[in-house]
Amino acid sequence: MLKVDGIEKSYKQDGLFSKQRQQVLKKVAFECKQGECLGIIGESGSGKSTLGRLILGIEKPDRGRILFEGKNVNDRRVRMGSISAVFQNYTSSINPFLTVEEAIMEPLKAQEKVKADMQSKVDTLLHQVGLDSSYRLKYPHELSGGEAQRVCIARALSTEPRCIVFDEAISSLDVSVQIQVLRLLKELKQLYQMSYVFITHDIQVAAYICDRVIIFRDGQIEEMVPIEQLKDVQSVYARRLLTYLITFQVEDQG
Ligand SMILES: Nc1ncnc2c1ncn2[C@@H]1O[C@H](COP(=O)(O)OP(=O)(O)OP(=O)(O)O)[C@@H](O)[C@H]1O
């Protein structure tokens, strides 16, 4: 369904006259199957978000290609309505001047797919993310973090995408809200048979929702494992990273 084929990406390094480029992604290749949740775990700065932006077509790779159902995501028509995103920063993801209803309908308007029964569609989406119709006319500043992120999920679902990229999408929520949202995402994935690319630094979250994970290191795939084999990763780096993340999370929660 989603095929990342040998992509490379570099950015110009800081400094007005610098000609040097930082190679952020190096020959990254993998596939995400239909209905699969593929986790991307890696250290800060390893290139996870860059990879997410390339999958979403927000930026283009220097080399290689990303195919969605055999077609290049560089073409807006290929990704529009088919690939959605939910980012960490839910407050800035929603236009503060739009009501919840308008925010949810925004992607459909962009697709010129606004229909007469739009209100019932908004109600259905709100219901699916655990919010009732009374939220329709609220503004983002009237929502809690968890509610705002549910609205972002409803908006991402509005076009009935076949793939959603989550970039640290639940990291800033309280742990209890994280669990609710994760349950919700699992149910929705099953309901719509969607694929998820789930970028996270949280190993427990990955263990809960992902079918497979890619351990990312310095812009490259270090290892790719089914979630049930996560504790058996082979490379020394992957083992160290996982141990570090688990220790960090346990300390963080204790
Ligand atoms: N638009 C950009 N211009 C220049 N450099 C960039 C740009 N975007 C990312 N980078 C650099 O690319 C590297 C990878 O960044 P990226 O945000 O993809 O990492 P990450 O793994 O998502 O990190 P984090 O977990 O902290 O979000 C970093 O060194 C970053 O400074």
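The chain contains 9 helices and 10 strands, where helices (H or I, at least four residues) and strands (E, at least two) are DSSP runs numbered from the N terminus. The radius of gyration is 19 Å, close to the 18 Å given by the globule rule for 254 residues, so the chain is as compact as a globular protein of that length. This radius is taken over C-alpha atoms, and the rule is 2.2 Å times the number of residues to the power 0.38. The model is a predicted one, in which local features need pLDDT of at least 70 and side-chain atom pairs count only at pLDDT 80 or more, whereas totals for chains, interfaces and linings use all residues. Residues are numbered from 1 along each chain as its sequence is written.

Along the principal axes, the C-alpha atoms fill a box of roughly 55 × 45 × 40 Å. Of the 254 residues, 35% count as buried; a residue is buried if 20 or more other C-beta atoms lie within 10 Å of its own, exposed if 12 or fewer, and partly exposed in between, with C-beta atoms placed from the backbone. Among the contacts with a separation of 6 or more, 66% are made by residues 24 or more positions apart, a contact being two C-beta atoms, placed from the backbone, within 7 Å.

The largest nonpolar core comprises 66 residues, and Ile55, Ile164, Val197 and Phe198 have the most contacts inside it. Helix α6 (residues 145–157) supplies the largest share of this core, 7 residues. Such a core is a set of buried Ala, Val, Leu, Ile, Met, Phe, Trp, Tyr and Cys residues joined through C-beta atoms within 7 Å. Not counting residues up to four places away in sequence, Ile55 touches Leu2, Ile66, Val73, Ile83, Val165 and Val197.

Strand β8 (residues 195–199) is mostly covered, with 5 of its 5 residues buried. Ser195, Val197 and Ile199 point one way from β8, while Tyr196 and Phe198 point the other way. Strand β3 (residues 37–42) pairs with β8 in the parallel sense over 4 bridges, and Cys37 stands opposite Tyr196. Strand β7 (residues 163–167) also runs parallel to β8, joined to it by 5 bridges, with Phe166 opposite Phe198. Pairing requires that DSSP find at least two bridges between two strands.

An open sheet of 4 strands has the order β2-β1-β4-β5, with antiparallel pairing. Strands β2 (21–32) and β5 (71–72) stand at the edges, each with a single partner strand, so one side of each is left without a neighbour in the sheet. Strands β1 and β2 pair over 8 bridges, and Leu2 stands opposite Cys32 in β2. Strand β1 (residues 2–12) also pairs with β4 (residues 63–68), in the antiparallel sense over 5 bridges; here Val4 stands opposite Ile66.

The ligand is surrounded by Tyr11, Val24, Gly42, Ser44, Gly45, Ser46, Gly47, Lys48, Ser49 and Thr50. A residue is assigned to these surroundings if its C-beta atom, placed from the backbone, lies within 6 Å of the molecule. The shell divides into 2 nonpolar, 7 polar and 1 charged residues. In this division Ala, Val, Leu, Ile, Met, Phe, Trp, Tyr, Cys and Pro count as nonpolar, Asp, Glu, Lys and Arg as charged, and the others, Gly among them, as polar. Helix α1 (residues 48–55) gives the most to the shell, with 3 residues. Of the 8 residues of α1, 6 are buried, so the helix is largely enclosed by the rest of the structure. The buried residues are Lys48, Thr50, Leu51, Gly52, Leu54 and Ile55. Helix α1 is followed by Gly57, whose phi is positive, near 75 degrees.

Glu223 lies in strand β10 (residues 220–226). With 19 other C-beta atoms within 10 Å, Glu223 is partly exposed. Not counting residues up to four places away in sequence, Glu223 touches Ile215, Val233, Gln234, Ser235 and Ala238. Glu223 and Gly145 are 78 residues apart in sequence and 33 Å apart in space, C-alpha to C-alpha.
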